[in-house]
Amino acid sequence: MDFGAPGYETDDNTGQIISYGAWFFGAAHGYHTTTTIASIVENFGRGFYDCSSATPTLVIAAGVASEPPAFTAGHGTAWGQMVNQINSYFVTNHYSGQVTAWGGLDAENESGWATYTQNKTWADAFSAASSYLFVDFGDAGGCSQTSYNNSVACSLGWTQSQFYYLSWGAADALPFPEIYNTSGANASQWKMIVLYAYAYAGAPGMTINGSLTQAAACSQVGGCSGTNNSASTGWTQLYNALNSDSRSAQTLSWASDLRYGY
Amino acid sequence: MLAMAASLALIATVGVVALTLGGGAKDDLPAEKQAAYDRMAQEQAIGRDDPAPKHPAATPPVDVPEPGPRFPNMKTQAAGAGMIIDTQFAPPGAKNSVWKNLWQEQGPAHGIALYAGAVADDPQQGVVFWMHSGPPPAYLDTTAAQLPTPSRHGAVHVESASGEILTLRANDGTTFTFNAATGQFQ
């Protein structure tokens, strides 16, 4: 669940930060605290639990976009603590056999978005505060599709090593990248980051958790040419790319698709 | 009941990634990730050993402490049927774009949002991202569209509104009229 841009609110008199949260998207734009967001995730999990059989399990990733200005260490800490709180609820109420919460980070090198350093700060703060994992469900914009030695800059001067850190190098991070591009470009970019991990980062076991697509969201928008992989196509592109080289070969367990609203 | 509906509204208006992610530990994981997977497995076992009863027809007693919306540390001004919000946050899923502000309506029949800005690597091309949802508090059935301005005059921002008719002004002073009800430039 992508809750939008990070936010905080301050005391009118002292200027001190009194809560962290997120700015929701679209018509419901407005600030909501981590307390409210935790309540949403808890109730989503409870709904899944009550309405499913005893077999399926669900991990709900509560995510934010890497947008300034509230994308800080304090926010990462608060978000990690929120995930702890949600899981405590699931355990206390005996739902944890089927439902778990993780964090989520949409780390992107977009104009106007946070810098790599700000992303790293958030990821490290989350990892220090949380006992649970988070998925990086962002992109690797402009990164090389053919080389993995970190010498070819990605968009806005980012590097493969930086995307590696945010998606795997950070203690609690797992990669769940956007595989939107119908040409297979995104899959090739992430294969190169896995190869970078293998060859240069001393992390031969970098494991992609799953592939993220936006086909449903595209259909709501009336189409998005060239970036509307279906969930199965995105998964297949990434699986084939990773398994075209023994150094990046792995099982790709999951696929997920975005839509606006629910 | 009202509290529950409010909560569902919040769920309905975020971009949802319905994740059913891997729960099993991988071989040779870094220690911190292995510890997190181990903790998760431990808590799953606890839950499986003593599961809560299922209530498929239950209405969860949801307590939403803040119905919102609130806009701390952000400038807003009333404009037509909605308000202009001084934010540069991106709409969900938008790539290669920069945003100047947002007009938002939360009416009894529907919710509308109109983000205004420009294409990042083509800053003379203005762009808007329009989202139309069902009524609050759920804001279900969202439709959306990203549209270029009809002509190239730089980034646009929402300047004013009359009802749901918005006036957008570009960097060079050119104005555009946008019908937020239909999601089209006029």
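These notebook entries record what I looked up in this structure, a predicted model.

**Ground rules.** I number residues from 1 along each chain as its sequence is written, and letter chains from A and number ligands from 1 in the order in which they are written. For this predicted model, local features need pLDDT of at least 70, side-chain atom pairs count only at pLDDT 80 or more, and totals for chains, interfaces and linings use all residues, while side-chain values use heavy atoms, with hydrogens and water left out.

**Entry: the cores.** I looked for nonpolar cores, meaning sets of buried Ala, Val, Leu, Ile, Met, Phe, Trp, Tyr and Cys residues joined through side-chain atoms within 4.5 Å. Here buried is under 20% relative accessible area, exposed is over 50%, and partly exposed is in between (1.4 Å probe, protein chains only). The largest core has 74 residues, and A:Phe3, A:Val41, A:Trp79, A:Trp102 and A:Tyr164 have the most contacts inside it. I then found a second, separate core of 24 residues, which includes A:Ala65 along with B:Ala90, B:Ala113 and B:Tyr115.

**Entry: the cavities.** I searched for cavities (on a 1 Å grid over the protein atoms alone, sets of points where a 1.4 Å probe fits but cannot get out; lining residues have an atom within 4 Å of a point). Points are joined across faces, edges and corners, and a volume is the space filled by probe spheres set on them. How many cavities of 30 Å³ or more does the whole structure hold? I noted six.

**Entry: the disulfides.** I counted two disulfides over all chains, a disulfide being a pair of cysteine sulfur atoms within 2.5 Å. One joins A:Cys143 to A:Cys154, S to S 2.0 Å, and is right-handed, with 100° about the S-S bond. Both A:Cys143 and A:Cys154 are buried. The other is formed by A:Cys218 and A:Cys224, with sulfur atoms 1.7 Å apart; this link is left-handed, at -120°. A:Cys218 and A:Cys224 are buried too. Is A:Cys51 buried or exposed? I have A:Cys51 down as exposed, with a relative accessible area of 57%.

Key
On a 1 Å grid over the protein atoms alone, a cavity is a set of points where a 1.4 Å probe fits but cannot get out, and a pocket is an open set with protein on both sides within 12 Å along at least five of seven lines; lining residues have an atom within 4 Å of a point.
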